[in-house]
Amino acid sequence: MDDRQYELTAEQRAVKDKYPPVSKKYEYLDHTADVQLHSWGDTVEEAFEQAVMAMFGYMTDIETVQPLKTLEVKAEGHDMLSLLYNFMTEWLYQFSAETFFIPREMKVVQIDRTNYTIRSIGWGEEFDLAKHPQGTEVKAITYSAMQIHEEESPQIFVIIDI
């Protein structure tokens with residue numbers, strides 16, 4: 001369960017009220033000096049989506065984000081763990097160094113398990129401190145204790161460097 005609290009302005013509350021609630025299938029687990037994200041879904045694609053959304057949820061209240069623009073993000077790896085790492089790193093790059101894009105929602109369109117590629121689309125807008133509450137900066141994704149469980153109910157564990 002997401003227990004992060006943000007002080008919202010009237011404008012931010014109005015945005016939250018305008019759109020349906022965001023589906024959150026993730027939680028934040030305590031970790032020494034960092035944060036461990038735990039995400040899950042009905043499919044591994046949904047668990048990947050939720051891992052990215054957990055990362056963005058740590059940086060701001062994503063329910064204050066309006067789905068005004070779309071952004072496609074692709075990544076590749078040499079196995080599923082490197083694919084997850086590169087996928088999350090590419091989304092973080094889009095926020096940190098490129099367009100300052102933050103998604104309200106995102107969808108993994110395809111995971112190719114033979115070539116280890118992934119394609120996703122996010123709906124959101126440019127991050128703006130006047131519109132979005134500031135959470136904690138995410139500096140990097142780590143491989144430390146990274147896990148992908150695909151049996152029955154897919155789950156992902158990722159530690160982010162804050």
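Biologist: How many residues does helix 2 have, and what does it reach from its first C-alpha to its last?
Modeller: This is a predicted model. At 1.5 Å a residue, 22 Å is expected for helix 2. The 16 residues of helix 2 come close to that, with a reach of 23 Å.

Biologist: How many of the residues of helix 2 are buried?
Modeller: Helix 2 is largely enclosed by the rest of the structure. That follows from its buried count, which is 15 of the 16 residues.

Biologist: Is Glu46 buried or exposed?
Modeller: Glu46 lies in helix 2. Leaving out residues up to four places away in sequence, Glu46 touches Lys25, Trp40 and Gly41. Buried means under 20% relative accessible area. Glu46 has 15% relative accessibility, so the residue counts as buried.

Biologist: Which element gives the largest share of the largest nonpolar core?
Modeller: This core has 43 residues, and Phe48, Met55, Phe56, Phe87, Met88 and Trp91 touch the most other members. The elements that give two or more residues include strand 1 (26–31), strand 2 (34–40), helix 2 (44–59) and strand 3 (69–76). The largest share is 11 residues, and they come from helix 2.

Biologist: How many aromatic pairs does the structure hold, and what kind do Trp91 and Phe101 form?
Modeller: The structure holds eight aromatic pairs. The rings of Trp91 and Phe101 are 6.2 Å apart, centre to centre, with 35° between the planes. Stacked needs planes under 30 degrees apart, and edge-to-face needs over 60. The Trp91 and Phe101 pair is tilted.

Biologist: Which parts does the pair of Trp91 and Phe101 tie together?
Modeller: Trp91 is buried at 0% relative accessibility. Phe101 is buried too, with a relative accessible area of 4%. The two residues are 10 apart in sequence, and their pair ties together helix 3 (residues 80–98) and strand 4 (residues 101–112).

Biologist: What kind of pair do Phe95 and Phe127 form?
Modeller: Phe95 is buried, and so is Phe127. Their ring centres are 5.4 Å apart. Their planes stand at 70°, so the pair is edge-to-face.

Biologist: How many residues apart in sequence are the parts that the pair of Phe95 and Phe127 ties together?
Modeller: Phe95 lies in helix 3. Phe127 lies in the loop between strand 5 (117–126) and strand 6 (140–141). The pair therefore ties together parts whose separation in sequence is 32 residues.

Biologist: Over how many bridges do strand 4 and strand 5 pair?
Modeller: Met106 stands opposite Gly122 in strand 5. Trp91 is in contact with both Met106 and Gly122. Strand 4 and strand 5 pair in the antiparallel sense, and the count of bridges is 10.

Notes:
Residues numbered from 1 in each chain as written. Predicted model: local features only at pLDDT ≥ 70, side-chain atom pairs only at ≥ 80, totals over all residues. Heavy atoms only, no water. Phe/Tyr/Trp six-rings, centres within 6.5 Å; stacked < 30°, edge-to-face > 60°. Helix = DSSP H or I, 4+ residues; strand = E, 2+ residues; numbered from the N terminus. Buried < 20%, exposed > 50% of the residue type's maximum accessible area, 1.4 Å probe, protein only. Core = buried A, V, L, I, M, F, W, Y, C linked by side-chain atoms within 4.5 Å. Contact = heavy atoms within 4.5 Å. Expected span 1.5 Å × (residues − 1). Pairing = 2+ DSSP bridges.
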